[in-house]
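User: I would like to learn how to read a protein model. Can you walk me through it, one feature at a time?

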Amino acid sequence: MAPKGRRGPLFEHAFSPQDAVLREASRHLGRRRFLTASAAAAALAFTTGRPARGASAARERPAHRITDDPFTLGVASGDPLPGSVVLWTRLAPQPFEPDGGLGQERVTVHWEVAEDEFFLFVAQRGVTQAHPEYGHSVHVDVQGLEPGTEYHYRFRAGTWLSPAGRTRTAPAAGTDPGRLRLAAVSCQAYHDGYYTAHRHLAEDDVDVVVHVGDYLYEYAVDAAGGARAYTDVKLPDLFNREAETLADYRLRYALYKGDADLRAVHAAHPFILTWDDHETENNYAGAVDEKGGPADAFLVRRAAAYRAYWENQPLREAQLPSGPDARLYRRLHWGTLAQFDVLDTRQYRSDQAYGGGPHSPGPESDDAARTITGDAQERWLADGWRASTARWNVMPQQVCFSQRRFGTEADATVSMDAWDGYRASRERVTAAATAAGIENWLVLTGDVHVGYAFDIKGDFDDPASRTLGTEITTTSVTSGRDGTERPSNWATYMAANPHLKWYDGRRGYVRIELGAEAARTDFKVVSAVTTPGAPIETAASFVTEAGAPGLKPA
């Protein structure tokens, strides 16, 4: 991520009816009325409302008027629980139109979940509505399923049948599933290359995929798709601008989800997702944008970005934003084997210290009042750890948790955007883990477009200090383009950070298998993303033994 101060190109933006409501609310209230961020949040809460009911409801589109395939963006599932899972699709017969080609009409959608891929043994079926207020997205929280079971699902709108997806429920509470196979991914800038890693992951045998942020980038995508360098297709000019409005973000998701490899990985596995900054804007912090503009204006943009994120992901209604606010941090379990504490380190954080660029730690960054999680989320995390009986405590989050010094000198700079810029916050979290007796702590990170394997130390400046857990940083799917095995700073980083056990700059994903005795991590990489079809290989493997934190080569 770049330090604050970057300014994207200025273009005319697309707008949705909801954008018009947001602009009108902002115009009437006026900037002087937005005295605080909370006041802006309250004003916006009612401007991004839910679908109208009764006589005010949107008119239904008849089935015979759905003349083109509405399932161009694929299907997805997510947040598996022992008896339920969220199923998702978004109807868009014309995906590059602001309304997806369905106008302001609602659409009846049928869904079904089966025990077999041929849908001979249907376990659940039902009917729901795709509302224009939600961008014609569908979120079905299917209840009454069997724990620890694989299912297949699909949707129907009019005469059109969606592609089938495969999902699974979590094991029953209190049961030991024996193992959990997960993958971690992050940072998939469309304009930086092809989703080759996703294609390979779609064919991998994992139970769940954890996406730790930067699913989407707000940056402009030119007619050739950036580094994809299309010669057989020309993207519309509407993508060649930074996304700022709800219509912009919806269209950007349509571009990303139109990719066949991304659709394939969603159809193959359930996802657990959290966002980072680029789903909204680079390096934003709470209500502060990267350019330091007025909070009220940015909160209008944040409301649009958060709404579009929920509309385009398999998330429950509990995650539906209210204006510019959304409760994305949440907890899931995989029997007695794993507890997932999914964090949000963007929405509640203090602004980055020292302007946000690399800087040596100092009084400003080390102010004890600063937070990267917010007080409520920090307490929620500590409470969850105290109550945890899981073998492994997995913490998916966004930015590097472990210390990452950029040089070997005594006053070496660190990232002010990562936990190094919020050291008091990190100390409180590590103290909470220690106080709760968390022995098998696994932090999953993205953001930096490289793969890292860290030992989390009690004192990062003392290599002999106690190892508290393991941090695995997954590289990007595409961001940063092709990458290289050993970036130019490889030797410096390895020397400056003795707790850093591995570093690779290629693209790919991480595969982790958790068991009762150990966790095995395989770093999967591809040689290129600017051309499609690169093979996948395992670049390195590590084992962390249960009860004995610390990475060991496998």
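Analyst: Start with one pair of side chains. Arg228 and Asp259 meet in a salt bridge, with N and O 2.9 Å apart. Keep in mind that this is a predicted model.

User: Why does the pair of Arg228 and Asp259 tie together separate parts?

Analyst: Look at where each partner sits. Arg228 lies in the loop between β10 (208-211) and α4 (246-257), and Asp259 lies in the loop between α4 and α5 (260-268), so the pair joins parts 31 residues apart in sequence.

User: Are Arg228 and Asp259 buried or exposed?

Analyst: Both Arg228 and Asp259 are buried. The cut-off for buried is under 20% relative accessible area.

User: What is the general idea behind such pairs?

Analyst: Side chains of opposite charge can pair when their charged atoms come close. In this protein the count comes to 40 salt bridges. There are 60 positive and 73 negative side chains. The centres of the two sets lie 3 Å apart.

User: Which residue forms a salt bridge with Arg481?

Analyst: Asp192 does, at 3.5 Å from N to O. Asp192 lies in the loop between β9 (179-185) and α3 (196-202), and Arg481 in the loop between β17 (467-473) and α9 (490-496), so this pair links parts 289 residues apart in sequence. Asp192 is buried, at 12% relative accessible area. Arg481 is partly exposed, at 41%.

User: Which residue pairs with Arg506?

Analyst: Glu537 does, and the closest N and O atoms are 3.7 Å apart. Arg506 is in the loop between β18 (500-504) and β19 (507-515), while Glu537 is in strand β21 (residues 536-545), so the bridge ties together parts 31 residues apart in sequence. Arg506 counts as buried at 13% relative accessibility. Glu537 counts as partly exposed at 42%.

User: Which residues are linked in a network of salt bridges?

Analyst: Glu150, Arg168, Arg181, Asp205 and Asp207 are linked that way.

User: Now helices. How many residues of α5 are buried?

Analyst: First the general idea. An α-helix has 3.6 residues a turn, so residues three or four places apart point the same way. Now the case. In α5, seven of nine residues are buried, and the helix is mostly covered. Among the buried ones are Leu262, Val265 and His266.

User: What covers the buried residues of α5?

Analyst: The cover includes β1 (75-78), β6 (150-157), β8 (165-168), α3, α4 and β11 (271-273).

User: Finally, the whole fold. How many helices and strands are there?

Analyst: The protein has nine helices and 22 strands. Its C-alpha atoms fill a box of roughly 70 × 60 × 50 Å along the principal axes. A compact globule of 554 residues would have a radius of gyration near 24 Å, and the protein agrees with its 23 Å.

User: What share of the residues is buried?

Analyst: Buried residues make up 61% of the 554. The protein exposes about 20,200 Å², and carbon and sulfur atoms supply 50% of that.

Methods
Residues numbered from 1 in each chain as written. Predicted model: local features only at pLDDT ≥ 70, side-chain atom pairs only at ≥ 80, totals over all residues. Heavy atoms only, no water. Helix = DSSP H or I, 4+ residues; strand = E, 2+ residues; numbered from the N terminus. Rg over C-alpha atoms; globule rule 2.2 N^0.38 Å. Buried < 20%, exposed > 50% of the residue type's maximum accessible area, 1.4 Å probe, protein only. Areas by Shrake-Rupley, 256 points an atom, 1.4 Å probe, with all protein chains shown as cover. Lys, Arg positive; Asp, Glu negative; His and termini not counted. Charge placed at Lys NZ, Arg CZ, Asp CG, Glu CD. Salt bridge = Lys/Arg side-chain N within 4 Å of Asp/Glu carboxyl O. Contact = heavy atoms within 4.5 Å.
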